[in-house]
Amino acid sequence: MATKRIPISIYAEITPNPSVMKFVSNIELNPNDSLEFKNIEDAQVSPLCTKLFTLPFVKEVFLAKNFIAITKFNIVEWDTVAMEVRVMIQEYIADGGIVLKENITPDDLPQNNIEPEETAIDKIPENEIEERIIAILNEYVKPSVAQDGGDIIFSDYEDGVLKVKLLGACNGCPSASVTLKQGVQNIFQQMMPNEVHTVEEV
């Protein structure tokens, strides 16, 4: 008896970062916080991302709730390989392949040069100001950053300086500094003008 295939569609979408292509799914891929894998060893919690790293042009993989953003090495152009990647992801999931292992613990997650308490999730707020910062990031900033194939997480706040970490397509994007200053910083200067004076990437 043939195994019932999972109905899924994947489409490719360009991002502001020319090295990164976003592959969007019509079903949830990751119920947890976004995860960024720098290499195949990091990706052991995700059999799908491990499989993607076997492609010679894949440099990094970013797994969000309903998309995967892949950073490529500059040995190929996306025009020549995007279809191959899209089909691989779609067929893998349709055949019942595991996207992310269950019962993952913090020790299983890649560190990605983030302090341990910040791994793959926003740092736990220590006061009311940090709670407001995270709420604004979640409601006003994260959705637009996700549209570009990335994520933004709260790192630190001190003396009017908000520090954030950019993940996925936003990490290393040529327009990231513009996004931070003209986008994120403007939002906080409007919503928390007395508390946040500048936004920096860590």
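1. Strand β2 is largely enclosed by the rest of the structure, because six of its six residues are buried; here buried means under 20% relative accessible area, exposed means over 50% and partly exposed lies in between, with a 1.4 Å probe and protein chains only. V20, K22 and V24 point one way from β2, while M21, F23 and S25 point the other way, and all are buried. Helices (H or I, at least four residues) and strands (E, at least two) are taken as DSSP runs and numbered from the N terminus.

2. Please keep in mind that this is a predicted model, in which local features need pLDDT of at least 70 and side-chain atom pairs count only at pLDDT 80 or more, whereas totals for chains, interfaces and linings use all residues. Residues are numbered from 1 along each chain as its sequence is written, and side-chain values use heavy atoms, with hydrogens and water left out.

3. The partners of β2 come next, where two strands are said to pair if DSSP finds at least two bridges between them. Strand β1, residues 10–14, pairs with β2 in the antiparallel sense over five bridges, and a hairpin of five residues joins β1 to β2. Within this pairing, I10 stands opposite S25 of β2. β2 also pairs with β5 in the antiparallel sense, again over five bridges, and there V20 stands opposite T71 of β5.

4. Is K22 buried or exposed? With a relative accessible area of 5%, K22 is buried. A polar atom of its side chain lies 2.8 Å from the backbone oxygen of A146, which can be read against the definition of a polar contact: a pair of N or O atoms within 3.5 Å, where within protein one must be able to donate a hydrogen and the other to accept it, and residues adjacent in sequence count only if both atoms are side-chain atoms. Not counting residues up to four places away in sequence, K22 touches several others, including Y11, F67, A146 and D148; contact means heavy atoms within 4.5 Å.

5. For the whole chain, the secondary structure comes to four helices and eight strands, which follow the pattern β-β-β-α-β-β-α-α-β-β-α-β along the sequence. Buried residues make up 48% of the 202 residues. Among contacts between residues at least 6 apart in sequence, 61% join residues at least 24 apart.

6. A nonpolar core is a set of buried Ala, Val, Leu, Ile, Met, Phe, Trp, Tyr and Cys residues joined through side-chain atoms within 4.5 Å. The largest such core has 32 residues, and L52, I68, W78, V85 and I89 have the most contacts inside it. At least two residues of this core come from each of β2 (20–25), β3 (35–37), α1 (47–52), β4 (58–63), β5 (67–72) and α2 (78–94), and α2 gives the most, with nine residues. Apart from this core lies another, of 21 residues, among them V141, F154, M192 and V199. As for I89, once its neighbours within four places in sequence are left aside, I89 is in contact with I10, F23, L48, L52 and I68.

7. How far does helix α4 reach from its first C-alpha to its last? Helix α4, residues 176–191, has 16 residues and reaches 21 Å, close to the 22 Å expected at 1.5 Å a residue, where the expected span is 1.5 Å times one less than the number of residues. A kink of about 30 degrees is centred on Q185 in α4; the bend at a residue is the angle between axes fitted to the seven residues ending there and the seven starting there. The buried residues of α4 are A176, L180, V184, Q185 and F188, and what covers them includes α3 (128–147), β6 (150–158), β7 (161–168) and β8 (198–201).

8. A176 of helix α4 counts as buried, at 9% relative accessibility. A176 touches L166 and C170, not counting residues up to four places away in sequence, and the C-alpha atoms of A176 and L166, which are ten residues apart in sequence, are 8.4 Å apart in space.

9. D42 is placed in the loop between β3 and α1. A polar atom of the D42 side chain lies 3.2 Å from the backbone nitrogen of K38.
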